[in-house]
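Keep the 3D view open as you read.

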Amino acid sequence: MPVLPLVFTSGWASGINAYAVVLLLGLFGATGVSDDVPQTLQRPEVLIVAGVLFLCDSVADKIPYVDSAWDLVHTVVRPLAGAWVGALLAGQSGSLPDVAAGVLGGSTALASHAVKAGTRMAVNTSPEPFSTIVLSLAEDLGVGGVVAFAMFHPEAAAVVAAVLLAGGLLLLLFLVSRIRRFLRRRAQRREERRPASRAP
């Protein structure tokens, strides 16, 4: 399997839901769907931890404002996961230096994470929770579908991931005003909490 497209695709997907990527790749390898998945991702303890964290992510990701707090924490986690998975895939194939694959996977994950986090900030300016739930489900299905597609058609999946990433970055430009509104609201809430906490 060509490793470069898979590294790019897994990096894009890791920026949206890193735990789903680790879980899916591990399951594909453990069940024999693909022989190109590193043994590290197939280990039972890795699958269990990824599964538990995926469930936590699925819940937090569907609650307005909680999802943005979760995204803030994962600004570090998702790029590191993308770099780790990319390096593992490169080490398994031997066709790409581990460091180069790690940089590609990590930087792609950071870009897609920025799209996800920015989009969530914009959506959270709306008072109803349904937009957040629908968007979260679409992200989960998109990650699952693209990663599964990459197992059989890595080059085509990389093209899909590249188009989605480029489209997401363009979308962010149109959502800048909403993102600023979200940040202003969050700053106002912090200011309102401070007098309450100082009161005797």
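The paragraphs below take up confidence, then helix packing, then a loop residue, then the pocket.

This is a predicted model. Its pLDDT averages 89 over the protein, and 92% of the residues score at least 70. Helix H3, residues 44-60, has the highest mean pLDDT, at 96. Helix H8, residues 176-198, has the lowest, at 69.

Start with helix H1, which spans residues 3-30. Two of its partners are described here. Two packed helices are described by the angle between their axes and the distance between the axes. For H1 and H5, the angle is about 35 degrees and the axes are 6 Å apart. Their crossing is right-handed. On the H1 side, the contact uses Leu4, Val7, Phe8, Gly11, Trp12, Ser14, Gly15 and Ile16. These residues meet a set in H5 that includes Ala101, Leu104, Gly105, Thr108 and Ala109. Ser112, His113 and Lys116 are also among the H5 residues in this contact. By class, the contact of H1 with H5 has 8 nonpolar, 7 polar and 1 charged residues.

Now move to H3. It packs against H1 at an angle of about 145 degrees, with the axes 8 Å apart. This crossing is left-handed. The H1 residues involved include Asn17, Tyr19, Ala20, Val22 and Leu23, and also Gly26, Leu27 and Ala30. They meet Val46, Leu47, Ala50, Gly51, Leu53, Phe54 and Asp57 in H3. The class count for the contact of H1 with H3 is 11 nonpolar, 3 polar and 1 charged residues.

Next, look at the loop between helix H4 (66-93) and H5, where Leu96 lies. Which residues does Leu96 contact, leaving aside its neighbours within four places in sequence? They are Val3, Leu4, Ala90 and Ala101. Leu96 and Leu4 are 92 residues apart along the chain, yet their C-alpha atoms are separated by 7.5 Å. Leu4 also takes part in the contact of H1 with H5, as does Ala101.

Note on methods
Residues are numbered from 1 along each chain as its sequence is written. This is a predicted model: local features need pLDDT of at least 70, side-chain atom pairs count only at pLDDT 80 or more; totals for chains, interfaces and linings use all residues. Side-chain values use heavy atoms; hydrogens and water are left out. Helices (H or I, at least four residues) and strands (E, at least two) are DSSP runs, numbered from the N terminus. pLDDT is the predictor's confidence in each residue, from 0 to 100. Axes are lines fitted to C-alpha atoms, for helices over the stretch in contact, and angles run from 0 to 180 degrees between N-to-C directions. A crossing is left-handed if the near helix is turned anticlockwise from the far one by less than a right angle, and right-handed if clockwise. Contact means heavy atoms within 4.5 Å. Ala, Val, Leu, Ile, Met, Phe, Trp, Tyr, Cys and Pro count as nonpolar, Asp, Glu, Lys and Arg as charged, and the others, Gly among them, as polar.
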